Amino acid sequence: MTFQYTHNLVSDLPTPRKQVLLLTCMDLRLLDNTVAFMNEYNLANRYDQLAFAGASLGVMHCSSPPYEEGSKGRRSSWKDVFFHHLDVAINDLQRNIKDIFIMEHRDCGAYEQFHPTHNFAYGDDQAEQALEEMHHREQAFAFADEIAEFGQRQLREAEKALKKGKDHHDPWEAERRVRAWRGLRSHCFLMDLRGEVKHLCR
Ligand SMILES: [Zn+2]
């Protein structure tokens with residue numbers, strides 16, 4: 001299948017050379033645009049994708065009740081779920097992830113639901129658009145910071161394990177994990193409903 005209706009190469013973002021973890025909203029309107037965007041970066045079948053309502057906002061602030069009816073178990077934080085997946089992807093599935101894409105989108109129902117002051121009619125009003133974008137920037141950058149902290153923590157743990165383990169059961173694996181957690185970067189984007197993407201830079 002070819003996608004020809006978006007041209008979203010962001011000039012200041014070099015094409016990732018390794019694998020990517022993509023965080024998106026669950027929004028059904030932008031599935032094909034998201035695939036098209038990734039394909040344009042030559043990333044077809046080179047990324048794992050996690051979808052949470054509200055992308056960074058949802059991951060940072062939402063949690064789910066226990067699935068079992070009548071269960072008094074604790075709620076599951078989406079942040080725990082996200083970071084557990086990242087951990088599994090790199091440590092267990094041995095993904096070579098160096099870039100994490102945080103893909104926000106305009107007219108996000110989850111933002112309207114979960115953000116205290118986010119309520120805009122989708123349109124061309126410049127002031128509203130600027131505010132909408134600002135909310136996405138705040139959430140996406142805050143989450144990018146959390147990813148960086150998590151990556152640093154994992155790196156320190158991997159280095160500790162490597163140092164401790166002269167007789168580690170698998171020294172190659174200990175070394176691989178140190179390399180794997182080094183140099184993790186996040187990139188933030190905002191997609192509109194036509195699938196056009198803006199690279200959000202600080
Ligand atoms: Zn959304």
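Is C108 buried or exposed, and what can be said about the site around it?

Modeller: This is a predicted model, in which local features need pLDDT of at least 70 and side-chain atom pairs count only at pLDDT 80 or more, while totals for chains, interfaces and linings use all residues. Residues are numbered from 1 along each chain as its sequence is written, and side-chain values use heavy atoms, with hydrogens and water left out.

C108 is buried, with a relative accessible area of 2%, where buried means under 20% relative accessible area, exposed over 50% and partly exposed in between, using a 1.4 Å probe and protein chains only. C25 also counts as buried, at 11% relative accessibility. Both cysteines coordinate the zinc ion through SG, together with NE2 of H105, at 2.0 to 2.3 Å; donors here are N, O and S atoms within 2.8 Å of the metal (3.2 Å for Na, K and Ca), and since water is not among the atoms, sites may look incomplete. Along the sequence, the spacing of these donor residues is C-x79-H-x2-C. C25 lies in the loop between β1 (19–24) and α1 (31–40), and C108 in the loop between β5 (97–105) and α4 (109–114), so the pair ties together parts that are 83 residues apart in sequence. The helices (H or I, at least four residues) and strands (E, at least two) are DSSP runs, numbered from the N terminus.
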